Amino acid sequence: MAAREHTKQRCGLEQAGRRLIRKLSKGFQQRVGLAQAIIHDPRVVILDEPTDGLDPAQIRQVRELIQELARDKGVILSSHILPEIEATCNRVTILQQGKSVYSGELTPPAQTCYRIGLDRNPEPQSIKAMTGVAEAEQMHTDYYRIILEPGCQPSELARQIVARGWGLIELKPERMSLEQLFLQATTGGHS
């Protein structure tokens, strides 16, 4: 009895009472499913699209509950909503056609991404040809996203840009988004 009341409170189900699940809103149904998953205090919880159908306040509550659970349990979250994964998870496995194409941190430590601003506009191929540059993508007229190879320092990138006379305006670290990581892992592309 105490476990049920505690779980109802954790999942925000105090108002649901004894109503039939099929008569509840989509948001309440999602929270009932979450409560069913955690009521017996399992060591590992597997959640599929746990915030589907929830309003923004409910999404925040579920995220907080997931983070609370993750302190002392394994939590596996399956979702195609990338911002949800970024807001909730610290590690990710990306599957393509049932096979893992990436497994690790949300931002791979081996890939350092920078945003650079230049006075002149060289072609991305010219930037990619520089020593230590793994990828170069033009974002706007005079801004580029650069991914450095492991071990390459931003100071070396700056030195090469200045030596080419391109006029370095900005060199700023940029966290690779999960969408970029997904595209890189599944297609080799960047956005």
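Colleague: What does Glu137 count as at 22% relative accessibility?

Modeller: Glu137 counts as partly exposed at that value. The terms follow relative accessible area: buried is under 20%, exposed is over 50%, and partly exposed is in between, with a 1.4 Å probe and protein chains only.

Colleague: What kind of model is this, and how are residues numbered?

Modeller: It is a predicted model, in which local features need pLDDT of at least 70 and side-chain atom pairs count only at pLDDT 80 or more, while totals for chains, interfaces and linings use all residues. Residues are numbered from 1 along each chain as its sequence is written, and side-chain values use heavy atoms, with hydrogens and water left out.

Colleague: Back to Glu137. Which residue forms a salt bridge with it?

Modeller: Arg145 does, with the closest N and O atoms 3.0 Å apart. A salt bridge here is a side-chain nitrogen of Lys or Arg within 4 Å of a carboxyl oxygen of Asp or Glu. Arg145 is buried, with a relative accessible area of 13%.

Colleague: And which residue does Glu174 bridge to?

Modeller: Glu174 forms a salt bridge with Arg145, where the closest N and O atoms are 2.5 Å apart. Glu174 lies in the loop between β8 (168-173) and α7 (178-187), whereas Arg145 belongs to strand β7 (residues 143-148), so the pair ties together parts 29 residues apart in sequence. Through shared partners, salt bridges join Glu137, Arg145 and Glu174 into one network. Helices (H or I, at least four residues) and strands (E, at least two) are DSSP runs, numbered from the N terminus.

Colleague: How many salt bridges does the structure hold?

Modeller: It holds 10. One of them joins the side chains of Glu84 and Arg63, at 3.1 Å from N to O. That pair links distant parts of the chain, with Glu84 in helix α4 (residues 82-88) and Arg63 in helix α3, 21 residues apart.

Colleague: Is Glu84 buried or exposed?

Modeller: Glu84 counts as buried, at 4% relative accessibility. Arg63 is partly exposed, with a relative accessible area of 26%.

Colleague: Turning to the strands, in which sense do β1 and β2 pair?

Modeller: Strand β1 (residues 44-48) pairs with strand β2 (residues 74-78) in the parallel sense over five bridges; strands pair if DSSP finds at least two bridges between them. Opposite Val44 stands Gly74 in β2. From β1 the chain crosses through helix α3 (residues 56-70) to β2, a right-handed β-α-β crossover. Right-handed applies if, with the strands pointing away from the viewer, the path from the first strand over the helix to the second runs clockwise.

Colleague: What is phi of Glu49 near?

Modeller: It is near 50°, a positive value in a residue other than glycine. Glu49 is found in the loop between β1 and α3 and is buried, with a relative accessible area of 17%.

Colleague: Where is Gln97 placed?

Modeller: Gln97 is in the loop between β3 (91-96) and β4 (99-105). Phi of Gln97 is also near 50°, but Gln97 is exposed, with a relative accessible area of 80%.

Colleague: Rings next. Which charged end sits over the ring of Tyr143?

Modeller: That of Arg115, 4.0 Å from the ring centre. Arg31 lies over the face of Phe28, at 4.3 Å from the ring centre. The criterion is NZ of Lys or CZ of Arg within 6 Å of the ring centre and within 35 degrees of the ring normal.
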